[in-house]
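The following exercises concern a single protein model. Each one sets a task and then works through its solution step by step.

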Amino acid sequence: MGIFVLPPPRREATLRKGTTQVEIDQEIVADRLWFLGTLGAERRNFNRCFDERDSQMPFHEAELTWSPWANSRWRFRASYRREHLRAHGDLGVTPLLSEPDLSSRRNVLAGSVRFGWRVGGRLRSVGMRLEGEHRDYEARDPNDLFHFGRSDRRRRLTLTAQIPLRKGWLLSAEAERETNRSSLPSNLPIEPDETTNYTHNVVQFGFGYVFQARRQAAAEETP
């Protein structure tokens with residue numbers, strides 16, 4: 001006679017998220033070099049079934065934008081962002097259960113390039129952005145098999161294009177490829193209960209409309 005064990009019930013996770021931040025936007029060299037600094041914190045509050053995921057995440061970011069020449073068609077950006085997610089983790093009100101700890105430190109480097117040109121006074125542009133993230137989890141309980149000693153490497157490549165159509169309409173296109181590779185301290189005896197390694201590809205198209213006042217302002221801007 002066999003014993004059939006039912007899997008644990010699946011519950012829906014919902015959350016409320018709020019972000020507070022301040023920014024410093026400074027033009028360093030006229031029409032050539034700009035700096036953007038951001039300092040803030042993000043708060044997440046999950047429903048009662050997932051209180052261990054409630055968290056606060058302070059972050060800061062620095063970004064430089066460079067246009068090689070005044071009125072240049074080329075524009076380059078580079079940024080560094082650091083985040084420290086502090087989750088509640090294991091809850092004291094459930095002594096017989098060990099909830100996962102999602103706390104982590106994240107370092108994100110990104111770079112992008114955009115090229116714009118005009119045809120008949122209308123701006124066209126293509127761009128590419130490459131982002132890399134190193135995420136180290138901070139779980140202290142070795143029984144938290146999927147987070148203890150774990151580190152992730154995430155990569156995201158994004159290609160964009162914007163093409164104006166007639167009478168203020170425009171077409172935008174975007175293709176994105178995201179990958180994640182997880183490093184765990186040892187081979188796990190069971191399958192992870194969450195996605196660790198993955199590859200995600202997205203292609204999307206959209207239509208937009210630019211109103212007359214905005215079109216006039218865009219015509220006066222450098223590409």
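In these exercises a residue is called buried under 20% relative accessible area, exposed over 50%, and partly exposed in between, with a 1.4 Å probe and protein chains only as cover. The model is a predicted one: local features need pLDDT of at least 70, side-chain atom pairs count only at pLDDT 80 or more, and totals for chains, interfaces and linings use all residues. Residues are numbered from 1 along each chain as its sequence is written, and side-chain values use heavy atoms, with hydrogens and water left out.

**Exercise 1. Confidence**

Determine where in the protein chain confidence is lowest and where it is highest.

Solution. Step 1: the quantity needed is pLDDT, the predictor's confidence in each residue, from 0 to 100. Step 2: the protein chain averages a pLDDT of 86, and 86% of the residues score at least 70. Step 3: the lowest confidence falls in helix α1 (residues 212-220), at a mean of 52, and the highest in β3, at 97. Step 4: where pLDDT is low, the predicted coordinates should not be read in detail.

**Exercise 2. Secondary structure and sheet order**

State which elements the protein chain contains, and give the order of the strands in the sheet.

Solution. Step 1: helices (H or I, at least four residues) and strands (E, at least two) are taken as DSSP runs, numbered from the N terminus. Step 2: the protein chain has one helix and nine strands, and along the sequence the pattern reads β-β-β-β-β-β-β-β-β-α. Step 3: two strands count as paired if DSSP finds at least two bridges between them. Step 4: the nine strands form an open sheet in the order β1-β2-β3-β4-β5-β6-β7-β8-β9, with antiparallel pairing. Step 5: β1 (15-29) and β9 (198-209) each have a single partner strand and stand at the edges, so one side of each is left without a neighbour in the sheet. Step 6: from one strand to the next, the twist averages 15°; angles run from 0 to 180 degrees between N-to-C directions, with axes as lines fitted to C-alpha atoms.

**Exercise 3. The partners of β3**

How many bridges join β2 to β3, and how many join β3 to β4?

Solution. Step 1: strand β2 (residues 33-46) and strand β3 (residues 55-66) run antiparallel and are joined by 12 bridges. Step 2: across this pairing, Gly37 stands opposite Ala62, and Trp34 stands opposite Thr65. Step 3: β3 is joined to strand β4 (residues 74-87), again antiparallel, by 10 bridges. Step 4: here Gln56 stands opposite Arg86 in β4.

**Exercise 4. Salt bridges**

Which parts of the chain does the pair of Arg105 and Glu138 tie together, and are Glu133 and Arg135 buried or exposed?

Solution. Step 1: a salt bridge is a side-chain nitrogen of Lys or Arg within 4 Å of a carboxyl oxygen of Asp or Glu. Step 2: this rule gives 12 salt bridges. Step 3: one of them joins Arg105 and Glu138, whose closest N and O atoms are 2.8 Å apart. Because Arg105 lies in strand β5 (residues 104-119) and Glu138 in the loop between β6 (122-137) and β7 (151-164), the pair ties together parts that are 33 residues apart in sequence. Arg105 is partly exposed at 34% relative accessible area, and Glu138 is partly exposed at 27%. Step 4: Glu133 and Arg135 also meet in a salt bridge, at 2.8 Å from N to O. Glu133 is buried, with a relative accessible area of 10%, and Arg135 is buried, with 10%. Step 5: Arg150 and Asp152 form a salt bridge at 2.9 Å, N to O, and both residues are buried. Step 6: salt bridges with shared partners join Arg129, Glu131, Arg156, Glu176 and Glu178 into one network.

**Exercise 5. Individual residues**

Where is Asp31 found, and is Leu109 buried or exposed?

Solution. Step 1: Asp31 is found in the loop between β1 and β2. Its phi is near 60°, a positive value in a residue other than glycine, and Asp31 is partly exposed at 47% relative accessibility. Step 2: Leu109 is placed in strand β5 and is exposed, with a relative accessible area of 54%. Step 3: the C-alpha atoms of Leu109 and Glu63 are separated by 10.0 Å, and these residues are 46 apart along the chain. Step 4: for the whole protein chain, buried residues make up 26% of the 223 residues.
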